[in-house]
Amino acid sequence: MLMRTDPFRDLDRFAQQVLGTAARPAAMPMDAWRDGTEVVIEFDLPGVNADSLDLEIERNVVTLRAERPQVDADREMLAQERPRGVFHRQLVLGDSLDTEKIRASYEDGVLRLHIPVSEEAQARKIEITRGGDHGEEHKAIAA
């Protein structure tokens, strides 16, 4: 019997198992956005017990560790698509964020981080002087 093999298909299948796909990511999928004077980051972690979450920050690197428990060995699985075990994810934050004031909450399988933008990095108004105002100042200096 002649069997056709496609090494690229096998590589693609392996990559999907390790890295996941857009429809089923193997890592912790996340969304991040800026909301006024803070950055909000959400991680989807369904089926993860809050006690297994570990969140650390060192300088500007946030490290998240989570664990989804293994399925009971006695259970006969018909389909098993959700990744299980221990997951790690690291995010490098910009210098403009105040990592001393990060707040984290976990509800309904979503871990949410609120990271304030530092005072120095927040947008501020710059006063613009009128051309005539500058001229008066210039005359006083020249005199």
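Student: What makes Arg103 and Glu38 a salt bridge?
Tutor: Their side chains meet at 3.6 Å, N to O. The cut-off is 4 Å between a side-chain nitrogen of Lys or Arg and a carboxyl oxygen of Asp or Glu. The Arg103–Glu38 value is within 4 Å, so the pair is called a salt bridge. Keep in mind that this is a predicted model.

Student: Which parts does that pair tie together?
Tutor: Arg103 lies in strand S6, residues 103–107, and Glu38 in strand S2, residues 38–44. The two parts are therefore tied together although they are 65 residues apart in sequence.

Student: Why is Glu38 called buried?
Tutor: Its relative accessible area is 15%. Buried means under 20%, so Glu38 qualifies.

Student: And how do you know whether Arg103 is buried, exposed or in between?
Tutor: Arg103 has 45% relative accessibility. Buried needs under 20% and exposed needs over 50%. Arg103 falls in between, so it counts as partly exposed.

Student: How many salt bridges does the structure hold?
Tutor: It holds 4. One of them joins Glu42 and Arg112.

Student: What makes Glu42 and Arg112 a salt bridge?
Tutor: The N to O value is 2.1 Å. That is within 4 Å, so the pair passes. Glu42 lies in strand S2 and Arg112 in strand S7, residues 110–116, so parts 70 residues apart in sequence are tied together.

Student: What about Glu67 and Arg65?
Tutor: Their closest N and O atoms are 3.7 Å apart. That is within 4 Å, so this too is a salt bridge. Glu67, at 33%, is partly exposed. Arg65, at 27%, is partly exposed as well.

Student: Why is Glu58 called exposed?
Tutor: Glu58 has 60% relative accessibility. Glu58 sits in strand S3, residues 54–58.

Student: How do you know that Thr63 and Gln90 make a polar contact?
Tutor: Their side chains are joined at 3.0 Å. The distance cut-off is 3.5 Å between N or O atoms, so the pair is within it. Thr63 is in strand S4, residues 61–68.

Student: Which other residues does Thr63 contact, leaving aside neighbours within four places in sequence?
Tutor: Besides Gln90, Thr63 is in contact with Asp54, Leu55, Glu56 and Arg89.

Key. Residues are numbered from 1 along each chain as its sequence is written. This is a predicted model: local features need pLDDT of at least 70, side-chain atom pairs count only at pLDDT 80 or more; totals for chains, interfaces and linings use all residues. Side-chain values use heavy atoms; hydrogens and water are left out. Helices (H or I, at least four residues) and strands (E, at least two) are DSSP runs, numbered from the N terminus. Buried means under 20% relative accessible area, exposed over 50%, partly exposed in between (1.4 Å probe, protein chains only). A polar contact is a pair of N or O atoms within 3.5 Å; within protein, one must be able to donate a hydrogen and the other to accept it, and residues adjacent in sequence count only if both atoms are side-chain atoms. Contact means heavy atoms within 4.5 Å.
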